[in-house]
Amino acid sequence: MMKQSEYQNAIFKFLISILSIILLHSCNSDKQKEEHKVEDYPETMNSGNLTAYCDLSIASLLDSAFIMYKVDYPRVNLNIETGNARQVMAKLLAGEARVILIARDYLRDEDSLMKVYNVEPHPRMEMAYDALVFFTNKDFPLDTLNAEQIAEFLQSDKDVLRKYYKQLKSEPELVCPNINSSEYANLHSLAARTQPILRKIKFVENFEAVKEYIATNNNRIGVCFLSQIVTDTSFKLIRIGFVNDKGRSIRPRQVHQAFIVQDLYPYKITLWAYVLQDARNLPYWFAKYLSVEEKVQRYFLNRGIVPAYARIKLIKED
């Protein structure tokens with residue numbers, strides 16, 4: 001006959017077994033629900049699977065916007081792949097990306113290939129306006145340049161800035177993310193005015209590496225976007241004077257979103273969402289969300305750049 005203690009142990013083991021089966025079933029059921037929630041929804045304007053390819057130069061800026069989208073559209077399984085601007089654009093041109101987010105236009109060779117293969121320009125939407133900026137260590141002797149000097153500096157391999165500024169002991173070294181970055185593409189198209197860049201440039205992996213390199217020397221000039229450095233007070237942004245398209249001379253001002261929106265800074269850039277197809281599909285509505293959603297546009301404003309579809313109230317200078 002079974003002893004009382006043995007009987008209790010047997011009951012205990014039985015209950016544990018039943019509980020394990022219940023928990024296992026519950027876990028499998030939850031897992032199936034989760035898999036259904038993430039993967040099995042049909043594609044509509046606000047559900048389905050979507051992979052977006054994002055330019056590394058703006059990936060950290062857009063991270064918060066991606067989170068907002070995922071919260072607002074939980075039935076979309078959004079996957080973000082990153083790469084340099086050249087890689088991201090190549091995905092679109094090859095038809096392998098349905099939507100890309102990038103901080104530049106087509107390059108000349110990309111545009112030429114599209115014409116050769118009769119590829120129409122892709123539909124695109126403006127998300128925000130940023131700026132190509134030049135920054136230095138705080139001990140750098142200059143805080144102002146003009147666009148003519150910068151163009152001459154980039155288009156020459158001789159001493160240029162020393163010719164204008166005797167306080168420079170040697171010609172500054174220019175530092176930029178890799179040659180396939182959107183920073184370099186905008187440097188060429190805007191600052192160098194699409195002319196060949198003859199200036200020797202120190203290329204590093206990414207913007208963080210640019211900052212590290214600039215911090216260690218007082219005679220280096222870094223290239224970046226305003227969104228990448230606007231909150232970092234350990235560096236100095238170079239003010240730039242220029243002559244605008246109407247022939248008006250614009251004096252150097254603080255590098256700030258208020259002056260970018262008024263076209264009082266020469267190197268304004270657009271953050272684009274390109275879509276593969278001209279259709280009101282999931283990629284289109286994702287791009288539309290980043291371009292017009294109020295909370296995203298407000299986020300861009302709070303990050304120190306200019307939202308594309310938001311009113312900005314400006315207080316004019318005296």
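Me: What is the orientation of α3 and α4 to each other?
Reply: In this predicted model, the axes (lines fitted to C-alpha atoms, with angles from 0 to 180 degrees between N-to-C directions) of helix α3, residues 85-93, and helix α4, residues 108-116, cross at roughly 10°. An angle under 35 degrees counts as roughly parallel, over 145 as roughly antiparallel, 65 to 115 as roughly perpendicular and the rest as oblique. Therefore, α3 and α4 are roughly parallel.

Me: Which pLDDT do local features need?
Reply: Residues are numbered from 1 along each chain as its sequence is written, and side-chain values use heavy atoms, leaving out hydrogens and water. Totals for chains, interfaces and linings use all residues, side-chain atom pairs count only at pLDDT 80 or more, and local features need pLDDT of at least 70.

Me: How many residues of strand β8 are buried?
Reply: Buried means under 20% relative accessible area, exposed over 50%, and partly exposed in between, with a 1.4 Å probe and protein chains only. Arg220, Gly222 and Cys224 point one way from β8, while Ile221, Val223 and Phe225 point the other way. β8 is largely enclosed by the rest of the structure, because its buried residues number six of the six.

Me: Which residue is the bridge partner of Glu173 in β8?
Reply: Strands pair if DSSP finds at least two bridges between them. β8 pairs with β4 in the antiparallel sense over five bridges, whereas β6 and β8 run parallel, joined by three bridges. In β8, Glu173 has as its bridge partner Arg220.

Definitions and conventions. Helix = DSSP H or I, 4+ residues; strand = E, 2+ residues; numbered from the N terminus.
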